[in-house]
Protein chains: 2
Amino acid sequence: MVEDRKLAVLRAIVEDYVSTQEPVGSKALVERHGLGVSPATVRNDMAALEDEGFITQPHTSAGRIPTDKGYRLFVDRLSQVKPLSAAEKRAIATLLRGAIDLDDVVQRTVRLLAHLTRQVAIVQYPTLSRSTVRHVELVTLASTRLLLVLILSTGRVEQRVVELPEALDDDTVARIRTALNRATLGEKLSDAAERLVEVPEQYEPDERAPVAVIVATLVEAMSDHRSDERVVVGGTANLARFGDGFDASIKPMLEALEEHVVLLKLLGEASSPSRLTVRIGHEVPHQELSTTSVVATGYGPGDEALATLGIVGPTRMDYPGTMATVRAVARYVSKILDEG
Amino acid sequence: MVEDRKLAVLRAIVEDYVSTQEPVGSKALVERHGLGVSPATVRNDMAALEDEGFITQPHTSAGRIPTDKGYRLFVDRLSQVKPLSAAEKRAIATLLRGAIDLDDVVQRTVRLLAHLTRQVAIVQYPTLSRSTVRHVELVTLASTRLLLVLILSTGRVEQRVVELPEALDDDTVARIRTALNRATLGEKLSDAAERLVEVPEQYEPDERAPVAVIVATLVEAMSDHRSDERVVVGGTANLARFGDGFDASIKPMLEALEEHVVLLKLLGEASSPSRLTVRIGHEVPHQELSTTSVVATGYGPGDEALATLGIVGPTRMDYPGTMATVRAVARYVSKILDEG
DNA sequence: ATTGGCACTCGAAACAGGTGAGTGCCAACT
DNA sequence: AGTTGGCACTCACCTGTTTCGAGTGCCAAT
């Protein structure tokens, strides 16, 4: 079937180009891959593929390279997931199992991802929004100064210093603490914030002021999406590997990597760990990065996506391998979070 | 005086080379700078400077560029501190004053430094070792599970979850908390750890086990130098600016920036904010980075250096300006930490 | 539909000559 | 002794030219 062979040719072109980084010609193609046809035939197919916009030639008399559209077709229809080696799986498992706290998990994940894919890795911290309150603690620092500690189900801890309008005795602080915990324990952050509004009303008007201040701070801490947007980047040294014409895009790349807002946009909506998002070239939601691709997926305990992780690299990348790695890492991290 | 003029020539060469990034010749030198002598004279001086190893020529018939030794002399004897503009000072002050917590201070500092110097900035978190204990808090999470929170004078908060061998009632927890605070409040971390050893001994043998576990965790948290070594990097996009032959060193640079251990070595010993450490080329304590220079200084409240901050850039950099900026930023950060 | 043959294209590499910034050295001047 | 003008020389860099060859498109034959 002709259509089949055309797809085979496209696949061959992508694979060759990814590994050699050079435009691939008809002759080299038939030699490297065992297509049982002549170069001339391949040329015809190539001409057709070019008409359809899947490949292009950098200059008139040179081999072909895949277009974004070509890569798209490749990942959608042609590439089968490349299973990881047992050694790799073991490496992932043991490395992640050694983590001692949330920070460490995130850090190890980003390194692992960068190392395995040899690309730039991005990991978003688990978002607050879906997590629940595990404990609220008030600590007296000075007569009019409290430390408020908010502990979440994800293991994240937020703390705030509260300046009180008037002094509170230990007993009152203890009562407020109990009230706060009763109102918020086990609740999702959004719900907890709502329920907190009622708390000050339970107090006499004359002692309501300090309570209001505490509640306001707590609500602020809960809705503080500053930490929501925390992302960690690793493997930037891999940028140097890209070399070639990629030198031009190294600057925008580095700039983007410092803008956490941009990174979050790149990672996109969190999806389940079994679903990979692959954005290729112009599909990437950031103008400056139109020569790069993003492979991302969600992760989180119980298959519920709390956050996103992924990698960024040149469009010319090993999609099957990268996709397999990203998915595997996301699954292991999810499992670790589940247990912790 | 001849020696004086030779130094003037060296200074002129450094300044010109830094701004143009091109080897500088005798003719251009006398034109750009107002040395009242002929090119031939300058050539003689240049030959002498080259003999002494302060400058070199990239190839036989080209201008001269400074050697590491030349830069060294330049910063030691020839450059006078370039005072910052009022606008810059104001920018530093307002930006840092807007910070809301320690993390934010560090983050803003690194951005500021990168932006002002247009180099890669590195900021180390204030070290634990010299800070003192402000408060120790125990929070009951479950019957055999406590959260231990350690608050330090620098504003840093460390937390640990403690698994107890047996349940403790609230009253006992409160007593332990009091004991812990009595033993450690206001103490330096190293002293506090020592004094904690005595705490379990005050308890009856039969309830000593859980106390010992708590104390062990606390001591571990205090001596955890993992967080000591936290550094934050910013302005990596400036690497792209270096361009030229610097392309070769961009990879080792990126690699080094991911190795926090290396960065700490680069920053070196913390010194007082008024003392700058300048390491040039081969003086940098890292082989791969011998085409770069490091400008660093200590910072911390009350002129006591708790940590280090600085920048890394090509040896060919504007030393007077960079040194002034680094020093100014370090001073402002110190002031902020003093007030907070 | 496939294939061998063939003329054609055009980037990359290799080569050649010209240009000029910059040098080193020397003899003359202060 | 220190400074200067003069002068021959070097060599990276630019520019134009040539050659080379991988790769193409097209066509006629199978």
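Colleague: Why is Q21(B) called partly exposed?

Modeller: Q21(B) has 15 other C-beta atoms within 10 Å. A residue is buried if 20 or more other C-beta atoms, placed from the backbone, lie within 10 Å of its own, exposed if 12 or fewer, and partly exposed in between. The count for Q21(B) therefore makes this residue partly exposed. This is a predicted model, in which local features need pLDDT of at least 70 and side-chain atom pairs count only at pLDDT 80 or more, while totals for chains, interfaces and linings use all residues. Residues are numbered from 1 along each chain as its sequence is written, and chains are lettered from A and ligands numbered from 1 in the order in which they are written.

Colleague: What makes the phi of Q21(B) worth a remark?

Modeller: Phi of Q21(B) is near 65 degrees, a positive value in a residue other than glycine. Most residues other than glycine have a negative phi. Helices (H or I, at least four residues) and strands (E, at least two) are DSSP runs, numbered from the N terminus.

Colleague: Where does R118(B) lie, and why does R118(B) count as partly exposed?

Modeller: R118(B) sits in the loop between α6 (102-117) and β3 (120-124) of chain B, and its phi, near 55 degrees, is also positive. R118(B) has 18 C-beta neighbours inside 10 Å and so counts as partly exposed.

Colleague: How do you know that the span of α1(B) is close to the expected one?

Modeller: The expected span is 1.5 Å times one less than the number of residues of the helix. Helix α1 of chain B (residues 2-20) has 19 residues, and 27 Å separates its first C-alpha from its last, close to the expected 27 Å.

Colleague: Which elements do the buried residues of α1(B) pack against?

Modeller: The buried residues, among them V9(B), L10(B), I13(B) and V18(B), pack against α2 (26-32), α3 (39-51), β1 (55-56), β2 (65-66) and α4 (68-78) of chain B.

Colleague: Why is the relation of the two chains that of a two-fold axis?

Modeller: Chain B superposes on chain A by a rotation of 179 degrees with 0.2 Å of shift along the axis, at an RMSD of 0.3 Å. That is therefore the relation of a two-fold axis. The same surface serves both copies, as 100% of the contact residues of chain B recur in chain A.

Colleague: How many residues of chain B are in contact with chain A?

Modeller: Contact requires C-beta atoms, placed from the backbone, within 7 Å. By that rule 19 residues of chain B meet 20 residues of chain A. On the chain B side, α11(B) gives the largest share, 5 residues.

Colleague: Which residues come nearest to DNA strand D?

Modeller: They are G25(A), S38(B), T41(B), T60(B) and S61(B), of 21 residues around DNA strand D. A residue is near a strand if its C-beta atom, placed from the backbone, lies within 6 Å of it. α3(A) gives the most to this surface, with 4 residues.

Colleague: Which residues are closest to DNA strand C?

Modeller: S38(A), T41(A), T60(A), S61(A) and G25(B) are the closest of the 21 residues that surround DNA strand C. Here the largest share, 4 residues, comes from α3(B).

Notes:
Least-squares fit on C-alpha atoms with pLDDT ≥ 70 in both. Contact = placed C-beta atoms within 7 Å.
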